[in-house]
Amino acid sequence: MLIRTALAACCILVTATSAFADDGLLQEAKDLFEPIPVGAPEIEGNPATPEKIELGKMLYFESRLSESHTINCNSCHAIGQGGVDMLETSVGHRWQQGGRNAPTVLNSVFNTAQFWDGRAKDLEEQAGGPIINPMEMASSHEHAIEMLNKIPGYAAKFKAAFPDDSNPINVENMLKAIALFEATLITPHSPFDRFLRGEENAMTAEQKDGLRLFIDQGCASCHNGINIGGGMYQPFGVVEKPGADFLPPTDKGRFEVTKSVDDEYVYKVPTLRNIALTPPYFHTGKAWDLRQAVAVMGSTQLGADLSDEDVDKITAFLHALTGEQPQITYPVLPPSTVDTPRPKP
């Protein structure tokens with residue numbers, strides 16, 4: 001995971017008051033970042049209704065969309081675990097290992113694109129990918145729709161969610177519903193969000209020092225905006241390439257999407273929201289210690305040999321990015337019948 005770091009705080013005259021320093025830091029932060037909103041954002045072309053969101057939640061937890069009937073969206077993006085599975089790479093169909101660490105689903109609606117290489121333009125497109133990936137759910141969109149049609153309880157749910165559609169159980173509606181549910185998985189009210197809204201004591205002194213370091217050394221040039229990342233693509237190893245564990249030569253990142261040599265080893269800058277909850281780090285999942293990830297990114301992206309104190313302060317700031325976690329009631333899914341297609345292990 002691309003985690004930007006910083007080196008040293010600007011000198012402040014000893015006669016300056018802490019309030020003066022905080023006021024200056026707050027304004028700089030407001031110029032660079034935005035707080036997470038309290039309510040779920042709208043998705044253009046996909047208006048939200050309670051029925052659509054409830055259907056999307058059911059489908060998010062629906063393992064019968066997978067060939068084996070054992071894998072669902074929550075398997076790799078566990079809402080109760082910061083939106084990840086806490087594995088280096090996820091386990092998919094027939095115990096296959098995925099190629100990259102699973103990014104968090106929380107606040108993913110604010111990303112410019114989805115997946116590490118940005119191959120999905122939005123949540124709807126992303127939602128369709130794992131279903132047909134032979135290493136993940138290993139099914140097909142056609143089989144998923146057949147499955148939903150053969151589980152009688154879904155007919156009423158789709159009709160309530162898409163009342164104007166004469167044939168509501170279709171691929172487009174399935175993905176729209178999942179995307180709308182995922183858009184509700186946001187984490188407002190972190191200490192940093194409260195600080196941005198003017199609650200100057202929401203962050204500790206050490207966290208403010210970490211924020212100052214984060215800004216002054218240019219980390220915020222990539223990790224900025226509402227998601228503190230997720231808005232651009234950057235090469236991993238701007239100054240110095242990390243070791244092969246962190247940057248395996250066989251994974252060329254966004255190059256696999258664009259086929260442009262300029263995109264070799266380029267990845268979407270990840271969100272740092274809730275980063276303390278989502279180990280392991282980097283697209284390889286090879287860093288289990290957030291402090292280690294901070295130090296690695298200091299050297300590879302900034303050419304900075306961070307002191308232990310600097311690493312501690314930046315890590316403390318990153319902990320201030322943990323927001324209120326979504327409280328989701330597990331849905332009751334309709335039962336299979338004798339006509340429902342059987343799982344294929």
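Trainee: Which residues form one aromatic cluster?

Mentor: Phe33, Phe192, Phe214 and Phe317 form the cluster. The model is predicted, so local features need pLDDT of at least 70 and side-chain atom pairs count only at pLDDT 80 or more, while totals for chains, interfaces and linings use all residues. Residues are numbered from 1 along each chain as its sequence is written, and side-chain values use heavy atoms, without hydrogens and water.

Trainee: Why is the pair of phenylalanine 192 and phenylalanine 317 called edge-to-face?

Mentor: Rings of Phe, Tyr and Trp (its six-membered ring) pair if their centres lie within 6.5 Å; planes under 30 degrees apart count as stacked, over 60 as edge-to-face and the rest as tilted. Here the centres are 5.3 Å apart and the planes stand at 90 degrees, so the pair is edge-to-face. Phenylalanine 192 belongs to helix α8 and phenylalanine 317 to helix α12, so the pair ties together parts 125 residues apart in sequence. Helices (H or I, at least four residues) and strands (E, at least two) are DSSP runs, numbered from the N terminus.

Trainee: What makes the pair of phenylalanine 61 and tyrosine 330 tilted?

Mentor: Its ring centres are 4.7 Å apart, with 55 degrees between the planes. Phenylalanine 61 lies in the loop between α2 (50-60) and α3, and tyrosine 330 in the segment after α12, so this pair ties together parts 269 residues apart in sequence.

Trainee: Is phenylalanine 61 buried or exposed, and is tyrosine 330 buried or exposed?

Mentor: Buried means under 20% relative accessible area, exposed over 50%, partly exposed in between (1.4 Å probe, protein chains only). At 6%, phenylalanine 61 is buried; at 53%, tyrosine 330 is exposed.

Trainee: What makes up the largest nonpolar core?

Mentor: A nonpolar core is a set of buried Ala, Val, Leu, Ile, Met, Phe, Trp, Tyr and Cys residues joined through side-chain atoms within 4.5 Å. The largest has 39 residues, and those with the most contacts inside it are Phe33, Phe192, Leu211 and Leu318. Helix α11 gives the most to this core, with five residues. Apart from it lies another core of 22 residues, including Leu59 and Phe162.

Trainee: With which residues is phenylalanine 33 in contact, leaving aside its neighbours within four places in sequence?

Mentor: Contact means heavy atoms within 4.5 Å. Leaving aside those neighbours, the partners of phenylalanine 33 include Phe192, Leu196, Leu211 and Phe214.
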